Amino acid sequence: AYTYRSYYGGSDYIEARALGLNDSSSASSLAHFSKTIETLSKGSTSGTDRELAVMMSRLASFYAVIGNRDSAVVWAAAACRTDTRILRHFLDLAGYYVQANRLDEGSKVLNDFLKNRSERNDTDNSYIDQMAATMSRLGARYSHTGNDSLTVFWAEAARKLQPLNLKYTYDIADYFAHTGRSHQALDLLQTIPPDSVSVKGLTTTAIAAAYAFGSDSGLPYLYKAKAMAPNDRSIDSLIMEMKRPQ
């Protein structure tokens, strides 16, 4: 706090080192840290206060770790207001909204993030992994609510953002397979290069093929998956399920 008020520059670094001197995860330490940041924030209204914004962001992450999602959202939003130039703070906020199951708010922040990134011609790709993962989690959460359009929208957004990360292709193909769109799932899976075959890809293809053409069409893929992972009991379960008379 003294460094921030007296010198400003580097105060985030000083604060981070200070936290390392004691148990920053303890309740008393977290309460003290929160009170300090709250006190400092009363005098910051510029929207360009990088040092304080980073401290707020760190405080939000501490709250997220202990499962206090509401407080994580509060401080992540404060970080966004305190320095509006740092787009990563907005991406963090979207992630905390998703964790708190406040999906529409998370969608809005994420859409605003993408818009701001485009308008600023931001070429910093250091947060692409985080952005795709947040989109994927948002789509998965929407699937639990039955909102099919937003499930597909955010799952596709993650896949388009990171087309080489096959996890996102498998995720949406699996969703299609389990929601009566097995042919779409198979079309999507066919875009995966043959040299990228994996147990996940084979099991997802097996499920989609079984839905589309019957169990006999899915079994060959499961046998290939079993050859790749002979000790994977989940594959055995799928094989038994597909062999069971319908």
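In which hand, left or right, does α4 pass α5? The crossing is left-handed, meaning that the near helix is turned anticlockwise from the far one by less than a right angle; clockwise would be right-handed.

Before selecting anything, note that this is a predicted model, in which local features need pLDDT of at least 70, side-chain atom pairs count only at pLDDT 80 or more, and totals for chains, interfaces and linings use all residues. Residues are numbered from 1 along each chain as its sequence is written, and side-chain values use heavy atoms, with hydrogens and water left out.

**Stop 1: the α4/α5 pair**

Select residues 50–65 for α4 and 69–82 for α5. Helices here are DSSP runs (H or I, at least four residues), numbered from the N terminus. The two pack at about 165 degrees, with axes 8 Å apart. Axes are lines fitted to C-alpha atoms over the stretch in contact, and angles run from 0 to 180 degrees between N-to-C directions. That makes α4 roughly antiparallel to α5 (an angle over 145 degrees).

Now show side chains. On α4, the contact (heavy atoms within 4.5 Å) includes Leu52, Met56 and Tyr63. On α5, look for Trp75 and Thr82, among others. By class, this contact has 12 nonpolar, 3 polar and no charged residues. Ala, Val, Leu, Ile, Met, Phe, Trp, Tyr, Cys and Pro count as nonpolar, Asp, Glu, Lys and Arg as charged, and the others, Gly among them, as polar.

Stay on α4. Its buried residues (under 20% relative accessible area, 1.4 Å probe, protein chains only) include Glu51, Val54 and Met55. Just after the helix, click glycine 67: its phi is positive, about 85 degrees.

**Stop 2: helix α7**

Select residues 103–119. At 1.5 Å a residue, these 17 residues should span 24 Å, and the end C-alpha atoms are 24 Å apart, which agrees. The expected span is 1.5 Å times one less than the number of residues. Leu103, Gly106, Ser107, Val109, Leu110, Phe113 and Arg117 are buried. Their cover includes α6 (87–99), α8 (128–145) and α9 (148–161). Just past α7, asparagine 121 has a positive phi of about 55 degrees.

**Stop 3: tyrosine 142**

Which helix holds tyrosine 142? Look in α8. Tyrosine 142 is buried, at 4% relative accessible area. Among the residues that tyrosine 142 touches, not counting those up to four places away in sequence, are Leu103, Asp104, Ser107 and Trp154.

Key. Parallel < 35°, antiparallel > 145°, perpendicular 65-115°, else oblique. Buried < 20%, exposed > 50% of the residue type's maximum accessible area, 1.4 Å probe, protein only.
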